Amino acid sequence: MKFTKILFSLVFMLMSFAVLGQQAKQDRVELQSADSLKGGIFNGQRITKLLGNVRFKQQDTFLFADSVYKYDGTELLEAFGQVRINQGDTVTMTGNRATYDGDKRTARMTGNVVMKDPRMTLTTPSLDYDLNTRTAVYTEGGTIVDPENRLQSRQGTYDTNTKMFTFRQDVKVFSQDYDITAESMRYNSETKVVYFQGPTFIKGKQGDLYAEEGTYDTIKRISDFGRNAYILTPEYRIGGEKLFYNEGTGYGYAQNNVTMRSLKDDVTIRGQVGRYWRETGVAKVYGNPVMETLMEGDTLFMSADTLISRESKTPEMPSMLYAYYGVKIYKADLQGKCDSLSYNRTDSVMFMNRNPVLWSDNSQIVSDTIRIHMRNKTIDRMYMFSNAFISSEDSIQNFNQVKGRDMVAFFKEGRIRRVNVEGNGESLYFVLEGDSVLTGLNKAICSNMVLKFSEENKLNTISFLVSPDASFIPPHELKEPDKTLEGFEWLSGLRPERKDMFMPRVPVVQPQPVQPAALKTIKPAPPAKAKKAAAR
């Protein structure tokens with residue numbers, strides 16, 4: 001029994017040695033063919049020199065060459081002339097010369113190197129290939145071509161298992177629809193997705209993109225970017241810390257520290273979330289959005305729950321800016337508020353809707369709707385439709401007041417010069433001596449009036465165009481009800497300051513907001529008499 005166990009052990013050991021020997025034989029570099037061979041000395045070592053149609057095999061790898069030096073006692077080969085290395089049925093490398101190390105299973109190919117697999121072709125002056133990890137490395141510049149893209153870089157690595165390229169230094173990608181420039185980048189030759197870290201520019205037919213990290217699907221043309229990313233189109237520059245853009249549909253989405261700049265009229269909107277529709281030319285920003293633009297040599301700020309810009313797509317379509325709800329306006333010499341606002345940027349006409357109020361110096365303007373006409377980024381005319389009311393505080397805190405059905409204000413160099421009151425006019429004007437002593441109160445009722453102002457925005461004269469019902473009240477007869485017209489309200493507590501433009505806001509609860517496709521319905525139709533006043 002004991003002898004039997006010993007016999008079985010010996011048989012098992014012999015079988016193991018046979019398997020190991022067979023495996024060792026498979027791991028060795030094996031000469032399969034050559035036209036001739038001879039011995040010699042090369043680089044101080046004894047070699048076997050093989051000439052003509054040389055072929056070696058190691059596992060799933062084949063090496064072909066015109067001639068090969070095999071160093072005796074090693075697995076090292078030096079191959080020359082039309083060298084080709086095949087690994088399996090997927091990877092093929094060709095070049096003028098190669099060094100193949102069978103122990104380490106590495107190959108270095110030089111001279112017009114071309115590496116191919118079913119998905120791409122790589123050309124480079126030299127290439128190092130690890131047959132164990134199936135990874136190729138080049139350091140002297142390389143070009144990769146696949147059916148969709150051509151890629152170039154100074155240095156690169158290609159993992160044939162994952163089909164992933166890693167590029168470094170002077171990276172460029174070219175295709176029919178876009179060009180990419182970067183310092184470092186990864187590219188999956190199977191999915192055609194680009195991954196990048198560091199400054200990256202994508203220049204396309206429909207616009208340019210920039211980011212410092214993210215991915216780009218070169219087939220679907222979808223970008224998912226981060227860190228200082230932006231989209232640049234003929235109309236807008238839209239940026240944010242996160243950016244998504246589909247070039248096929250033209251839809252873009254930005255998040256966190258969003259900046260949207262209209263390039264045609266230099267209007268900038270900042271917020272936390274931005275959306276862009278290329279086909280309609282509409283960009284929408286919300287999350288504490290603030291608009292900035294230069295006006296009369298100063299910066300005009302506007303804030304609201306939502307700001308929307310729509311660019312003109314046809315000659316008859318105006319470029320528009322919409323703001324809703326809780327609109328606030330701030331400029332050093334002009335402040336305002338309203339529920340919603342529309343601005344025709346083509347014609348430079350602004351509508352302030354629902355409870356609009358404007359303040360300038362010591363004056364306040366209130367009306368159901370206010371329409372402002374701009375010229376050279378300066379207020380030229382202002383139309384107040386329905387329940388128009390102008391108030392101004394004097395030096396001893398009295399309030400001069402004028403009200404009417406409609407009013408038209410005329411400006412010069414950004415300052416009010418004349419106001420026409422059209423219908424149901426009433427005025428109340430405090431008369432002062434030396435800006436400190438009240439001498440009486442002028443009150444008048446007249447359907448139509450003309451108010452003229454000084455360069456300091458102070459009321460100089462009131463002209464009554466139809467026989468007025470006027471009275472003068474001396475100070476000793478003046479009673480408190482005489483000091484205000486019906487409907488007067490001093491709203492200085494609502495007057496925005498610069499800091500209010502950037503404060504976090506709670507969105508105003510309103511009905512469903514108007515969608516971009518129907519934005520044109522925001523603009524109200526002025527009353528018939530208001531249109532007549534505008535024509536005058």
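What follows is a short exchange on ring pairs and charges over rings.

Modeller: This is a predicted model, so to speak plainly: local features need pLDDT of at least 70, side-chain atom pairs count only at pLDDT 80 or more, and totals for chains, interfaces and linings use all residues. Residues are numbered from 1 along each chain as its sequence is written, and side-chain values use heavy atoms, with hydrogens and water left out.

Biologist: How many aromatic pairs does the structure hold?

Modeller: Rings of Phe, Tyr and Trp (its six-membered ring) pair if their centres lie within 6.5 Å. The structure's count of such pairs is 17.

Biologist: Are the planes of Y178 and Y216 stacked or edge-to-face?

Modeller: Planes under 30 degrees apart count as stacked, over 60 as edge-to-face and the rest as tilted. The ring centres of Y178 and Y216 are 5.2 Å apart and the planes stand at 80°, so the pair is edge-to-face.

Biologist: Which strands hold Y178 and Y216?

Modeller: Strands are DSSP runs (E, at least two residues), numbered from the N terminus. The two tyrosines lie 38 residues apart, in distant parts of the chain. Y178 is in strand β14 and Y216 is in strand β16.

Biologist: Is Y324 buried or exposed?

Modeller: Buried means under 20% relative accessible area, exposed over 50%, partly exposed in between (1.4 Å probe, protein chains only). Y324 has a relative accessible area of 5%, so Y324 is buried.

Biologist: Which residue lies over the face of F64?

Modeller: A charge sits over a ring if NZ of Lys or CZ of Arg is within 6 Å of the ring centre and within 35 degrees of the ring normal. At 4.0 Å from the ring centre of F64 lies R84.

Definitions and conventions:
Helices (H or I, at least four residues) and strands (E, at least two) are DSSP runs, numbered from the N terminus.
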